[in-house]
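Dear colleague,

Here is the structure you are taking over. Notes on what was found in it follow below.

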Amino acid sequence: MSSRRGGRVLGTTLVLGALALGLCVGCAREEGEGVRVVASTSVLADICRNVAGRWARVTSLIPAAADPHGFQPTPGDLRSVAASDLIVLNGAGLEGALRDAMENAGLHAMVVEAGRGLPARTPGPDEVSFGEGADADPHYWLDPLLVVHYVRVIETALKTVDPAHAVAYAANADRYVARLEELDRWIGETVAVVPERRRLLVTDHLAWGYFADRYGFRLIGAVMSSVTSGGSPTARDLSDLVARIRELGVPVIFVDAAESPTLAKQVAAEAGVRVVDTLRFHSLTGPKGPASTYLTMMRFDVEQMVEALR
Ligand SMILES: [Zn+2]
C-alpha cells in the first residue's frame, strides 16, 4: 500500500456514506463519557493513553501479537471505529486494508496519521534496496525521537476533538516527550557497548531502518527484502542473504515474536548463525509481559539486540 493515499487524511472529517453500516455514527457522545480514541496498533494506543491521560478511553484494533501489516478488520472493528471520536493510524501504508475498509464504510470521526509529515527514509548505498516502486518504510516508532512527532500529532488531535482539556493534553504530552528523550539517551548509552563494526542487523523484514539511522547500525538485509511482512523471497534472494551474513560475520537474525520464524531459521541454519525470535516491535505484550508499554518494549528489544551482538 502506498503512502500517497495518506495525503488527504490529517485533520479532515470524513462524512461519507455513514449509514452504509446501519450505525449511529457521529452520535454525540454522552456527557462525562470521555473522548473515545481508537488507535490501529497497541503501540499507538499506548502512546495515545500517555497523551490523553484520564480524559479519553483508548482502544486498539490490531490485537497484541498480531502482525499489523497484514491486518484485515472485521465488521466489529469497523463498528468500534465508527463509534469513536478520534482514530489514530500510523500511516505510511502500515494500515492499508484498514484504511480501505474505513473509507468504504464512511466515518464521522477525525482521522489522523501519527507519522504524517515525517520523511520516509531511503536505503543507504550499501543496503539492500526496497525494490522499484516500493512502499515507504512505516516503522518510524522504532526511533523514540520520531515518536515525539507522533505525540505532537496526537496532542493536536485531542485538543481539536476535546478543547476543554487542552491544557491537560499539553502537560501530558510534555511529560511523555521527556520520557522519550530519556529512552533515547538510554538506548544511545546501552548500544555503546556494541562495537560499531558489529552493529549489523538482519531481520525478518526491513523494520529497523529509522532505529539504525539514529543509533549507528547497518541494515544488512532481511528474510523478506521489503518494509512489510508476508513477502515471498526467491531461493536466490535467500542464498544471497546467506552469503551476505557470512561475508560480514553477522551473528544473529532478529524476528518479531508475532512473525513466523520458519524462513529465518532456515537461513540461519545455512549461514551458521542463530535466530532471536523474541523481539516485540510491532505490538505490545499483555500487561504482565515484558513489553507492555512502548517504553518497556524498546528497552526489551534493545537489551536482546545488545546481548546478541556485543
Ligand atoms: Zn513491519
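The zinc ion has four protein donors (N, O and S atoms within 2.8 Å of the metal; 3.2 Å for Na, K and Ca; water is not among the atoms, so sites may look incomplete). They are His69 (NE2), His139 (NE2), His205 (NE2) and His282 (NE2), at 1.9 to 2.1 Å from the zinc ion. Angles among the 4 donor atoms run from 102 to 113 degrees, and the site is tetrahedral (four donors, all angles between 85 and 135 degrees). His139 sits in the loop between β5 (110-113) and α4 (144-161) and His282 in the loop between β9 (274-279) and α9 (294-309), so this pair ties together parts 143 residues apart in sequence. Helices (H or I, at least four residues) and strands (E, at least two) are DSSP runs, numbered from the N terminus. Both His139 and His282 are buried (under 20% relative accessible area, 1.4 Å probe, protein chains only).

This is a predicted model: local features need pLDDT of at least 70 and side-chain atom pairs pLDDT 80 or more, while totals for chains, interfaces and linings use all residues. Residues are numbered from 1 along each chain as its sequence is written, and side-chain values use heavy atoms, without hydrogens and water.

Glu95 lies in the loop between β4 (86-89) and α3 (96-105). Leaving aside neighbours within four places in sequence, Glu95 is in contact with Ser40, Leu44, Leu89 and Asn90 (heavy atoms within 4.5 Å).

Regards

Technical notes:
Tetrahedral: all angles 85-135°; square planar, octahedral: opposite > 155°, others 65-115°. Buried < 20%, exposed > 50% of the residue type's maximum accessible area, 1.4 Å probe, protein only.
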